[in-house]
Amino acid sequence: QVQLVESGGGWVQTGGSLRLSCAASGSIFSINAMGWHRQGPGKERELVAAVSSGGVTWYADSVMGRFAISRDNDKNTLYLQMINLKPEDTATYYCAAAGDDGTFGRGSWGQGTQVTVSS
């Protein structure tokens, strides 16, 4: 399994933008699915965006049209571009790579990066 390290979190005002990055310790070319999860204060961890090895993307309704996930297999990096951020986007954001069974639960996870959106 690859090791994942997130970066790019920070503090922004409502309506601001951030770009999260997730650097993998090895090749992500063969990893079927990669995704960004988040866990807000007092909330359960939720999947907000995912991308397949073929570039097919999925988004949670709450971020559709505001977040864009992408992966650069040459750089072994996953990205999450976030625009028009809202206070409810405040959370710790985790990068994840699916395991051999295709699920994130048995895959690799980063340590998380904090995103805080002030009103």
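Me: Which residues are linked in a network of salt bridges here?
Reply: A salt bridge is counted when a side-chain nitrogen of Lys or Arg is within 4 Å of a carboxyl oxygen of Asp or Glu. This is a predicted model, in which local features need pLDDT of at least 70 and side-chain atom pairs count only at pLDDT 80 or more, while totals for chains, interfaces and linings use all residues. Residues are numbered from 1 along each chain as its sequence is written, and side-chain values use heavy atoms, with hydrogens and water left out. The linked residues are Arg38, Glu46, Arg66 and Asp89.

Me: How many salt bridges does a search of the whole structure find?
Reply: One of them joins Arg38 to Glu46, with the closest N and O atoms 2.8 Å apart. Another brings together the side chains of Arg66 and Asp89, at 2.7 Å from N to O. Over the whole structure, the number of salt bridges is four.

Me: Arg38 forms a salt bridge with Asp89, so how many residues apart are they?
Reply: The closest N and O atoms of Arg38 and Asp89 are 2.9 Å apart. Arg38 belongs to strand β4 (residues 33-39), and Asp89 to the loop between β8 (77-82) and β9 (91-97). Strands here are DSSP runs of E with at least two residues, numbered from the N terminus. This pair links distant parts of the chain, and the separation is 51 residues.

Me: Is Asp89 buried or exposed?
Reply: Buried means under 20% relative accessible area, exposed means over 50%, and partly exposed lies in between, using a 1.4 Å probe and protein chains only. Asp89 has a relative accessibility of 1%. By that scale, Asp89 is buried.

Me: Which cysteine does a disulfide join to Cys22?
Reply: A disulfide is a covalent bond between the sulfur atoms of two cysteines; the test used is a pair of cysteine sulfur atoms within 2.5 Å. The structure holds one disulfide, and its S to S distance is 2.1 Å. Cys22 sits in strand β3 (residues 18-24), and its partner in strand β9 is 73 residues away. That partner is Cys95.

Me: Which residue in β8 is the bridge partner of Cys22?
Reply: Two strands pair if DSSP finds at least two bridges between them. β3 and β8 pair in the antiparallel sense, over six bridges. Within β8, the partner of Cys22 is Leu78.

Me: Which strands stand at the edges of the open sheet of four strands?
Reply: The order in this sheet is β1-β3-β8-β7, with antiparallel pairing. Each edge strand has a single partner strand, so one side of each is left without a neighbour in the sheet. The edge strands are β1 (4-7) and β7.

Me: Over the ring of which residue does the charged end of Arg45 sit?
Reply: A charge sits over a ring if NZ of Lys or CZ of Arg is within 6 Å of the ring centre and within 35 degrees of the ring normal. Arg19 lies over the face of Tyr79, at 4.0 Å from the ring centre. The charged end of Arg45 is 3.8 Å from the centre of its ring, which belongs to Tyr94.
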